[in-house]
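Me: Please take a close look at one part of this model, strand by strand. What covers it, and what pairs with what?

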Amino acid sequence: MVKSKIEDLTAFIAVVDTGGFSSAAEALDLQVAKISRSVSRLEQSLNTTLLNRTTRRVDLTEEGRLFLAEAKQALATLSNAEEKLLFADAKPSGRLRIDAASPFILHQLVPLMAEFNAAYPDISVELISNESIIDLLERRTDVAIRIGQLNDSNLHASRLGESPLKIVATPEYLAKHGKPESIAALANHQIVGFADLPKFNDWALVEPCQTKPFILASSGESVRQLVLHHHGLALLSNFMIYRDLAAGRLVELLPRAVLSPNPWEQIQVVYYKQTALSERIRVFIDFLKANIRL
């Protein structure tokens, strides 16, 4: 028999997400005492302690950590079920929270937002930039764009396509340092690399070559900007540089040197398998597949 009430689940999740009872009460516009009673009632119904409380902080117990994901999923499923019933004959609506790395947001999503908003004016889009992989449920994220192989078995992936990796530099850099005519020559050039994703600095080439970064940046967009300012060569996805190549701001080097297909060329949109796919998520995925340029 299910004993947990929706309001108690909501209060518990809010305490965890906001970091405390006072902040949860403020977020839900309720009294702190009511939030505390809800959490206590939930713990009593489950006969377990979900939160360790001190004067300075609130921490999840192991039981609380396990229960949190299920509680969030239960509320998400209920919300989607209600949405289907309430808006069966209406246009897709509601908040759509999308997570992606900053280059994908800037070069793929931002240019499409006007057209998407015109087609679905009742959907409120939130674009959240993260360079690392996040937990969709904990960040209250509906969908995320992932680049590379998908290892999380709790996620459902819908393939968007592949974006070729290309070695690029500016004409100005090449005029000063020369154009590499072979893979081995790359070792003599300045390489712009990734500070927080060192695996991206190990270029998958048809021949082995030591490409030690000359300068590092924490995001793909920062790497792109460094290359555009003539700091060196970089290996970047076509989805973020195709306009630069077309305009002549960047030049592709050694096009046959990069291994392809490459796992890091895969672009996927993901969401939790257990989530009942809402119409706002469904129309976004369909729109992205029809309009994305990789």
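**A covered strand and its surroundings**

Reply: Strand 3 (residues 94-100) is mostly covered, with five of its seven residues buried. Buried means under 20% relative accessible area; exposed is over 50%, and partly exposed is in between (1.4 Å probe, protein chains only). Helices (H or I, at least four residues) and strands (E, at least two) are DSSP runs, numbered from the N terminus.

This is a predicted model: local features need pLDDT of at least 70, side-chain atom pairs count only at pLDDT 80 or more, and totals for chains, interfaces and linings use all residues. Residues are numbered from 1 along each chain as its sequence is written, and side-chain values use heavy atoms, with hydrogens and water left out.

Now the pairing. Two strands pair if DSSP finds at least two bridges between them. Seven bridges link strand 3 to strand 4, in the parallel sense. G94 has I123 in strand 4 as its bridge partner. Strand 3 also runs parallel to strand 5 (residues 143-147), joined by two bridges.

Next, helix 5 (residues 102-109). Seven of its eight residues are buried, so helix 5 is largely enclosed by the rest of the structure. The buried ones are S102, P103, F104, I105, H107, Q108 and L109.

Strand 4 (residues 123-129) also holds L127.

Elsewhere, three strands form an open antiparallel sheet in the order 10-7-11. Strand 10 (234-237) and strand 11 (251-253) are its edges, each pairing on one side only. Strand 7 (residues 165-169) meets strand 10 through four bridges. K166 stands opposite L236 in strand 10.

Finally, N201. It sits in the loop between strand 8 (192-194) and strand 9 (215-217). N201 is buried, at 15% relative accessible area. Setting aside residues up to four places away in sequence, N201 touches G193, F194, T211, P213 and L216. Contact means heavy atoms within 4.5 Å.
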